[in-house]
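Subject: Structure handover

Hi,

Here is the structure I promised to pass on. Please open it and keep it beside you while you read the notes below.

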Amino acid sequence: WLWPFSVTQQKAARSWSTQIDLMERYPEHRFATSSAQQFKWVEQLYPKLHERIKERVKTGQFQLVGGSWVENDSNMPSGEALARQMIYGQRYFRSRFGVTSKVAWLPDSFGLSGALPQLIRGAGMENFFTQKLSWNNVNTFPHSTFNWVGLDGTQVICHMTPVDTYTAQATVQDNLESSDTGLLAFGNGDGGGGPLNKMLENLRRIRATANEHRELPVVSMGESVDDFYDDIHKHTEEGKTLPVWRGELYLEFHRGTYTSHGSIKKGNRHSETLMRDVEYLATLASLFKPEKYSYPKDTIDTCWEKVLLNQFHDVLPGSAIGMVYIDAEQNYAEVAKDGRKMIHDALSVLLEDSKGIAAPMPLKEYKATDGRFAIVNTLDFPRLETVVLPITGSGENTVELDGGLVQSSKRGDRVFAVVGAPGRAIGGVATPNLVDGVGATAHQTEDGSFVLKNSSVEFKISKGRIVSLVDRELGRELIPCCTTGGLVMFERDTPPNWDAWDTEIHHLETSKPLEFSNLKVHEAGPLRASITADIAHGQSKIWVEISLDATSATTQANSRPYIRFDAKVDWHERHKFLKFELPLDIHSDIAYYECAFGWVSRPTHKNTTQEAAKFEVCGHRYADLSEFGYGVALLTESKYGYATTGNVMRLSLLRGPTSPDSEQDQGEHQFSWAILPHKGHFFESDVAKAAYAFNSPIPIRHTSSNNTDSLLHTPPFTVEGAPSVILDTVKRGDDDDFSSSSADKTIVLRLYEALGGHSRPKIKIANYIKVSKALITNLLEEEIEEVKVMGPESADGGSCICLSLRGFQVVTVKLFLENTADGAP
């Protein structure tokens with residue numbers, strides 16, 4: 001992406017003006033284009049051109065494909081973000097052109113998530129076009145037209161043009177490479193104007209020649225992309241005779257994009273998390289305090305559009321010029337500012353006697369106030385964890401606060417407390433359950449090693465490297481004898497081409513383990529114990545705080561605490577690759593990595609060239625290596641690059657490419673990751689929920705009362721009977737009329753099965769939400785079927801709905817609420 005967004009706007013206008021001119025001169029010309037964002041720019045900046053496009057859309061010459069906001073990366077966006085790409089794209093096309101795209105269109109994305117087939121179908125499409133897999137640099141992808149089956153079993157017909165490019169020049173050679181069912185996507189890309197008149201002239205001549213001489217494939221012009229796929233359906237018995245590809249479409253190329261430009265990766269993850277919380281809290285405030293609060297739909301849409309724009313397949317991957325990231329960082333800053341304000345406004349209504357805390361207040365001053373801390377759990381499972389309160393300490397190690405025990409840091413600059421709350425409810429400071437009254441500790445041993453320990457785990461650093469991680473409850477050492485873990489610098493990350501895009505397998509031969517130095521006990525416990533360390537390498541400096549809490553990662557039985565790493569890095573390396581690695585005494589042929597709405601397993605060995613090609617892979621919030629009875633996961637709040645080779649897990653942290661941005665990633669970074677040991681296999685563990693919590697800081701408010709009348713004391717929705725089902729999204733319906741108090745009011749819930757098995761969740765609905773009707777819908781909130789709303793099962797008066805989900809299924813439920821005289825449900 002070699003130009004800023006402002007130039008993209010100009011390129012779209014010039015290219016599309018050219019295409020309309022060509023349509024007038026070549027009536028057979030059909031132009032297909034995607035990306036609702038570009039149409040919105042044209043509508044805003046070039047309204048006359050927009051009207052001309054609308055006329056050509058009506059005639060079928062200007063074809064809208066893709067149904068997404070941009071041609072997005074599909075490896076790194078969350079499941080909800082991938083859904084929003086299609087929701088916002090399709091809704092825009094419908095509202096401006098009366099058109100619903102039937103073909104998903106991602107020709108240049110760097111690998112494709114197995115979650116896509118289900119989402120494509122859910123957004124009203126049944127066909128898919130791509131091309132980038134022809135760039136594989138190890139194995140040739142075996143199909144051009146095939147059935148693509150996703151994680152949950154949903155399938156779409158996928159076509160990959162046999163010409164191996166989406167910018168064909170419409171030459172005789174292009175047509176010779178095509179088959180009789182090949183779609184030729186021709187035209188100049190990268191802002192080059194699209195199809196040119198010489199290309200259309202070429203096709204006219206080739207078509208005329210083919211009519212007389214069958215040595216050339218017959219050229220068909222004047223039809224649509226939809227017509228092409230209809231022909232495939234017709235001649236393959238609706239795809240039954242086509243080959244099948246199951247799971248992700250992994251691109252054996254551009255693997256460096258999972259790590260390049262770390263601040264953009266962080267902005268994406270944090271913005272996705274923020275928008276989830278915004279929509280949930282704004283939904284509650286708008287429905288139950290309508291006289292004081294109106295759902296900020298326009299602001300929410302604007303924020304989402306900025307996040308979706310930054311997920312373009314050369315922006316989020318880190319493969320754009322520096323000017324692009326000035327715009328992208330500004331987008332994330334605006335989303336953060338507006339998102340925090342929307343959360344503050346919603347909580348000010350839901351907790352009327354509460355306020356946010358702009359700056360930490362001294363502990364003595366806080367005790368003099370008439371109030372207490374309130375924490376708001378926006379996740380759908382209970383949380384009990386150690387946090388930093390927005391107050392400064394008194395110099396004493398432990399003191400009482402809000403009825404619980406808190407820990408003051410040695411320097412008095414932080415106060416730690418255990419806080420707890422039910423799922424999607426309000427809570428506060430809790431009394432920690434310290435085994436033997438000890439909690440977490442940190443100390444230096446006589447041989448100079450540093451140890452973090454609590455009742456469950458013990459972690460040890462010796463001679464600058466991680467040498468031991470023990471599950472104390474089981475007496476199991478997890479680090480193999482004579483091996484160490486920690487940070488590793490790969491000294492030669494020098495791909496032959498595509499610097500920001502690529503990292504090649506030979507970089508793994510240049511590893512240099514880095515040693516933690518200047519270790520010190522930073523916090524001695526009992527709620528949080530930590531040690532700090534420095535690392536200097538080349539021109540770069542790294543500071544890390546390694547901590548262990550008294551609390552476990554989740555409230556699930558047998559949950560272990562995680563060892564957390566909070567890093568500050570001043571990075572000034574070129575063509576080097578910083579990773580964290582951990583050898584484990586665990587044997588498994590596969591490792592698990594979170595992806596959109598589920599997980600994907602990948603080999604830990606290199607038996608075949610297909611397996612060897614996956615030496616760097618994409619994951620979201622966790623990666624896990626498990627065997628029967630035990631496993632260990634890596635959690636991260638902003639990183640996406642992973643690898644597991646044999647028994648060694650790696651998390652990619654920073655790279656140093658110099659093209660197309662010569663200063664990429666140079667400067668300061670802050671990021672966190674964690675090691676989570678767990679009893680039982682991955683499927684029995686709390687890894688998915690722990691990763692959710694690790695990425696979701698708990699909002700903390702100060703309230704002058706107990707807010708006993710707040711709705712947040714009772715969770716509005718509770719998922720029962722299906723621990724693998726996650727309620728990911730709670731928001732208002734896209735078609736709600738927020739200007740009228742008498743209009744239908746709806747709540748949309750989006751759930752998914754996270755571990756890959758059938759489940760039958762019961763969604764309990766609080767008694768203050770009066771549901772008149774419930775529908776299962778597609779992503780566009782169009783009815784699929786009605787679900788029975790069952791009446792109260794107990795004295796609390798709430799209702800419930802029962803669902804049945806297959807493994808990895810995503811379900812959207814739309815609840816219609818009863819209207820009352822005052823406009824509240």
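Is threonine 161 buried or exposed? At 1% relative accessibility, threonine 161 counts as buried. Buried means under 20% relative accessible area, exposed means over 50%, and partly exposed is in between (1.4 Å probe, protein chains only).

Before the rest, two notes on the source. This is a predicted model, where local features need pLDDT of at least 70, side-chain atom pairs count only at pLDDT 80 or more, and totals for chains, interfaces and linings use all residues. Residues are numbered from 1 along each chain as its sequence is written, and side-chain values use heavy atoms, with hydrogens and water left out.

Back to threonine 161. It sits in the loop between strand 6 (155-160) and helix 6 (172-177). Helices (H or I, at least four residues) and strands (E, at least two) are DSSP runs, numbered from the N terminus. Not counting residues up to four places away in sequence, threonine 161 touches Phe129, Thr130, Gln131 and Leu183. Contact here means heavy atoms within 4.5 Å.

Alanine 170 is in that loop too, between strand 6 and helix 6. Its phi is near 60°, a positive value in a residue other than glycine. Alanine 170 is buried, with a relative accessible area of 0%.

The whole chain

The secondary structure comes to 14 helices and 45 strands. With 825 residues, a compact globule would have a radius of gyration near 28 Å, and the chain agrees, because it has 28 Å. That radius is taken over C-alpha atoms, and the globule rule is 2.2 Å times the number of residues to the power 0.38. The C-alpha trace spans about 90 × 70 × 45 Å along its principal axes.

Of the 825 residues, 62% count as buried. The accessible surface of the chain is about 30800 Å², and 48% of it belongs to carbon and sulfur atoms. Accessible areas come from the Shrake-Rupley method with a 1.4 Å probe; for residues, only the protein chains shown count as cover.

Residues 24 or more positions apart account for 72% of them.

Charges next. The mean positions of the 85 positive and 106 negative charges are 2 Å apart. Lys and Arg count as positive, Asp and Glu as negative; His and the chain ends are not counted. The place of a charge is NZ of Lys, CZ of Arg, CG of Asp or CD of Glu.

Aromatic rings

A pair of aromatic rings is described by the distance of the centres and the angle of the planes. Rings of Phe, Tyr and Trp (its six-membered ring) pair if their centres lie within 6.5 Å; planes under 30 degrees apart count as stacked, over 60 as edge-to-face and the rest as tilted. By this rule the count comes to 39 aromatic pairs.

Take phenylalanine 128 and tryptophan 148. Their ring centres are 5.4 Å apart and their planes are at 35°, so the pair is tilted. Phenylalanine 128 lies in strand 4 (residues 127-130) and tryptophan 148 in strand 5 (residues 145-149), so the pair ties together parts that are 20 residues apart in sequence. Phenylalanine 128 is buried at 0% relative accessibility. Tryptophan 148 is buried as well, also with 0%.

Phenylalanine 565 and phenylalanine 580 form another tilted pair, 5.1 Å centre to centre with 55° between the planes. Phenylalanine 565 is in strand 27 (residues 563-571) and phenylalanine 580 in strand 28 (residues 577-583), 15 residues apart. Both are buried.

One aromatic cluster is formed by Trp16, Phe31, Phe39, Phe62, Trp69, Tyr88, Tyr92, Phe93 and Phe97.

A link along the chain

Glutamine 118 is in helix 5 (residues 116-122). It is buried, with a relative accessible area of 11%. Its C-alpha atom is 9.5 Å from that of phenylalanine 808, 690 residues apart along the chain. Leaving aside neighbours within four places in sequence, the contacts of glutamine 118 include Asp152, Arg806 and Phe808.

Backbone details

The peptide bond from glycine 525 to proline 526 is cis, with omega near 10°. Proline 526 is in the loop between strand 24 (517-524) and strand 25 (528-537). A cis peptide bond also joins serine 659 and proline 660, with omega about 10°. Asparagine 558 has a positive phi of about 70°, although it is not a glycine. It is partly exposed, with a relative accessible area of 44%.

Best wishes
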